[in-house]
Amino acid sequence: MLITQLKAKETIVSLAEGKKVFIVNCQGCMEVHFPEKEAVELQKELAADGNVTGIITTDYICNPENMKLRLQKHESEIAAADTVLVFSCGVGVQTIADYLEDKKVCAACDTYPLPGFQGVTPLEYKCDQCGECYLNLTGGICPITACSKSLVNGQCGGSKNGKCEVDGEMDCAWERIYRRLEQIGRLDVLKCPTQVRNYATDDEVSK
């Protein structure tokens with residue numbers, strides 16, 4: 001099982017500050033706790049300045065065909081937004097980022113593990129439920145699960161022709177991240193070193 005928890009309010013506000021924002025909410029599957037009430041209150045505050053172009057709430061945003069149809073109904077609102085803010089687990093954020101590859105897609109939640117049965121998604125995207133979600137720094141591509149070495153500070157230098165040195169059939173995650181950041185004009189993010197992960201947060205939430 002897993003649990004989604006809102007990032008710090010100041011973090012979410014900073015992602016939306018001075019920008020036009022489109023919001024996607026996932027109601028969550030039966031195995032996922034989603035902080036619905038807290039998210040609604042925060043989104044009301046974000047919308048108060050008139051910079052929220054639209055909000056959709058649905059379930060299973062990790063289903064790409066279903067999500068594609070829902071997003072198509074809001075094309076004009078999404079086009080008017082600078083940032084798409086996703087309130088879901090890491091799999092949902094990756095689904096949206098893959099479909100809206102020319103948009104800045106940000107995670108508003110962190111995902112933590114809980115003991116018990118884990119729901120099964122039909123996607124190749126994975127969420128390692130590592131607590132501190134890096135998707136906002138990597139263009140919606142997870143460096144923990146998409147990289148064989150789970151590197152968070154950049155490419156290892158062993159890839160060849162865009163393929164991973166550990167698995168020759170696998171695209172290098174950090175090359176994918178670089179290309180995505182380049183596409184959305186956010187290569188400046190790579191100038192900022194990633195902070196050392198605080199693994200204690202995983203244990204605290206899982207208790």
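Reader: How do you know that α1 and α2 come within 11 Å, and at what angle do they cross?

Author: In this predicted model, the axes of α1 and α2 come within 11 Å and cross at roughly 35°. The axes are lines fitted to C-alpha atoms over the stretch in contact.

Reader: What makes the crossing of α1 and α2 right-handed?

Author: A crossing is right-handed if the near helix is turned clockwise from the far one by less than a right angle. α1 passes α2 in that right-handed way.

Reader: Which residues make the contact?

Author: On α1 they are Lys9, Ile12, Val13 and Ala16, and on α2 they are Leu42, Glu45 and Leu46. These residues divide into five nonpolar, no polar and two charged.

Reader: Which residues of α1 are called buried, and what does the word require?

Author: Buried means under 20% relative accessible area. In α1 (residues 9-16), Ile12, Leu15 and Ala16 are buried. They cover an arc of only 95° around the axis, so they sit on the same side of α1.

Reader: Why would residues three or four places apart point the same way?

Author: An α-helix has 3.6 residues a turn, which is why they do.

Reader: What do the buried residues of α1 pack against?

Author: They pack against β1 (2-6), β2 (21-26), α2 (36-47), β5 (83-87) and β6 (104-107).

Reader: Why are the buried residues of α6 said to line one face?

Author: The buried residues of α6 (residues 173-183) are Ala173, Trp174, Ile177, Arg180 and Leu181. Seen down the axis of α6, they fall within an arc of 120°, so they line one face of the helix. These buried residues pack against α5 (90-99).

Definitions and conventions:
Residues are numbered from 1 along each chain as its sequence is written. This is a predicted model: local features need pLDDT of at least 70, side-chain atom pairs count only at pLDDT 80 or more; totals for chains, interfaces and linings use all residues. Side-chain values use heavy atoms; hydrogens and water are left out. Buried means under 20% relative accessible area, exposed over 50%, partly exposed in between (1.4 Å probe, protein chains only). Helices (H or I, at least four residues) and strands (E, at least two) are DSSP runs, numbered from the N terminus. The arc is that of the directions from the helix axis to the C-beta atoms. Contact means heavy atoms within 4.5 Å. Axes are lines fitted to C-alpha atoms, for helices over the stretch in contact, and angles run from 0 to 180 degrees between N-to-C directions. Ala, Val, Leu, Ile, Met, Phe, Trp, Tyr, Cys and Pro count as nonpolar, Asp, Glu, Lys and Arg as charged, and the others, Gly among them, as polar.
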